[in-house]
Amino acid sequence: MADRRASRRPPLVRRTAPERPALPPLRRTLRIERLAAGGDGVARLDGLVVFVPRTAPGDLIEADVAQAPKARFARARLVRVVERSAARVAPTCPHYVHQDCGGCQLQHLTYEAQVHAKGAMVSDAFLRIAKREIHVPTVHVASSPWRYRQKLTLAVRQDAAGQRHAGLRAYDAPDTVFPLQDCPITNPQVVAAWRQLLDAAAHLPDAPELRVAVRTLGEGVAVVVEGGSVWASPESLAEAVPAVQAIWWVPDQGRRRLLVDRRSSSEPGASFVQVNPAMADGMARYVVERVQAYRPRAVVDAYAGAGDTAVALDRAGVRVTAIEADRDAAEYAATRLGPRSRAVADTVERALASALPADVVLVNPPRAGLDATVTATLAAARPRPSAIVYVSCDPATLARDVARLPGWRVSHVTCFDLFPQTAHVETVCELVPEAE
């Protein structure tokens with residue numbers, strides 16, 4: 001599917017009121033009713049909503065409840081399961097149990113329960129945020145709930161003695177890093193490359209903290225390093241890890257640079273790709289089919305990434321304008337499109353208006369969803385497109401954006417489980433114009 005996270009925007013800065021001091025935790029017995037977005041169990045205590053990680057619907061638990069004065073909700077930490085839900089299973093990953101790894105949120109649930117919860121999360125977001133009632137959507141299950149990830153990103157920290165430590169963070173302690181031994185949702189090739197990289201960590205930039213991503217690329221892996229201001233010899237890192245095909249570096253206060261390139265193709269290995277290619281391919285085929293169902297002559301593919309969807313539509317005879325802010329991905333997409341179509345290296349906020357009119361607009365934004373400029377442009381578009389096909393990785397921002405599109409009706413919603421063992425779900429939402 002499209003490489004939507006290649007189009008990243010700076011995080012929003014929100015002004016918040018000073019935090020009220022929390023009251024001392026109180027141990028309480030709670031019954032978990034359902035799962036909230038993010039995967040926490042939801043219980044009620046004297047009318048107060050309580051969120052409890054690592055719990056399952058139907059669990060009766062003891063938990064330490066922490067509440068700020070006058071707060072409308074509270075968070076709690078699981079102490080003991082008194083009565084086990086039928087949906088509860090023993091987690092596979094030791095890190096999930098012993099280090100409270102925050103990479104996964106649902107390993108303690110059967111896969112069937114995970115899928116059911118994700119469909120309910122989507123319908124709940126539409127009702128609460130968009131004020132639109134929809135049926136619980138179908139969730140297409142993953143072909144494999146394990147070893148599907150083709151990318152792994154770890155934090156690398158340097159201690160006072162200069163020793164490098166790499167790992168993931170606990171869900172309730174984001175400032176700490178625990179050493180990763182294995183990740184059972186990640187491709188073993190990626191995990192093996194990570195171990196080799198850690199052995200060669202002396203060749204990384206000299207910085208107290210780095211963020212390093214490894215993803216499959218051809219027969220090897222690509223590496224993206226974020227952080228540091230000086231990197232003496234990235235070539236030494238590539239020599240120490242033969243599987244590395246390319247290395248990109250994003251220095252502090254700098255732009256991404258390609259430092260080592262041993263690729264046999266021009267595939268943009270630093271741009272975002274879906275981490276579950278088997279499921280992503282199925283979702284991409286579905287999206288192309290749904291776009292084609294409107295018999296479009298012209299389509300805007302916004303947040304187009306490397307252009308996979310745009311190329312599929314172009315080959316079907318559709319004129320496509322592919323918009324992508326990541327220049328490497330946009331340039332690669334341009335080499336793959338036919339003469340009737342084009343790729344625009346720009347943000348969707350700036351480029352969408354000039355790409356209209358179109359028969360269908362396909363949007364596949366990052367997790368932050370659509371900028372308000374984009375929804376305003378779509379709402380004002382005349383003539384209206386026959387449909388907006390919205391591919392989302394966050395039900396909350398999807399529902400918010402649908403609420404920003406008055407005059408558009410939700411005609412269909414379906415989901416794909418690209419991220420088993422986590423609370424994330426991909427949603428394809430079709431919107432059609434209401435009669436004016």
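**Salt bridges and a helix pair**

Modeller: Gladly, and let me start with a network of salt bridges that links Arg 77, Asp 100 and Asp 172. Please keep in mind that this is a predicted model.

Colleague: Thanks! How many salt bridges does the count come to?

Modeller: The rule asks for a side-chain nitrogen of Lys or Arg within 4 Å of a carboxyl oxygen of Asp or Glu. With that rule, the number of salt bridges is 23.

Colleague: Which residue forms a salt bridge with Asp 40, and how many residues apart in sequence are the parts that the pair ties together?

Modeller: The partner is Arg 75, and the closest N and O atoms of the two are 2.8 Å apart. Asp 40 sits in the loop between β2 and β3, while Arg 75 belongs to strand β6, so the pair joins parts whose separation in sequence is 35 residues.

Colleague: Is Asp 40 buried or exposed?

Modeller: The cut-off for buried is under 20% relative accessible area. Asp 40 has 14% relative accessibility, so the class of Asp 40 is buried.

Colleague: And what about Arg 75, which class does that residue fall in?

Modeller: Partly exposed covers the range between the buried cut-off, under 20%, and the exposed one, over 50%. Arg 75 has a relative accessible area of 41%, so Arg 75 is partly exposed.

Colleague: Where does Asp 328 lie, and which residue forms a salt bridge with Asp 328?

Modeller: Asp 328 is in helix α7, and the partner is in the loop between β13 and β14, so this pair ties together parts 72 residues apart in sequence. The closest N and O atoms are 3.2 Å apart, and the partner is Arg 256.

Colleague: Which helix holds the salt-bridge partner of Asp 308?

Modeller: Asp 308 forms a salt bridge with Arg 336, with 2.8 Å between the closest N and O atoms. Asp 308 lies in helix α6, so the pair links this helix across 28 residues of sequence to helix α7.

Colleague: Now to helices α2 and α10: how are they oriented to each other?

Modeller: They pack with their axes 8 Å apart, at an angle of about 40°. Their crossing is right-handed. The orientation of α2 and α10 is therefore oblique.

Colleague: How many nonpolar residues does the contact of α2 with α10 have?

Modeller: Among the residues that meet are Val 122 and Phe 126 in α2, and Leu 398 and Arg 400 in α10. By class, the contact has one charged residue and no polar ones, and the nonpolar residues number twelve.

Terms used. Residues are numbered from 1 along each chain as its sequence is written. This is a predicted model: local features need pLDDT of at least 70, side-chain atom pairs count only at pLDDT 80 or more; totals for chains, interfaces and linings use all residues. Side-chain values use heavy atoms; hydrogens and water are left out. Helices (H or I, at least four residues) and strands (E, at least two) are DSSP runs, numbered from the N terminus. Buried means under 20% relative accessible area, exposed over 50%, partly exposed in between (1.4 Å probe, protein chains only). Axes are lines fitted to C-alpha atoms, for helices over the stretch in contact, and angles run from 0 to 180 degrees between N-to-C directions. Angles under 35 degrees count as roughly parallel, over 145 as roughly antiparallel, 65 to 115 as roughly perpendicular and the rest as oblique. A crossing is left-handed if the near helix is turned anticlockwise from the far one by less than a right angle, and right-handed if clockwise. Contact means heavy atoms within 4.5 Å. Ala, Val, Leu, Ile, Met, Phe, Trp, Tyr, Cys and Pro count as nonpolar, Asp, Glu, Lys and Arg as charged, and the others, Gly among them, as polar.
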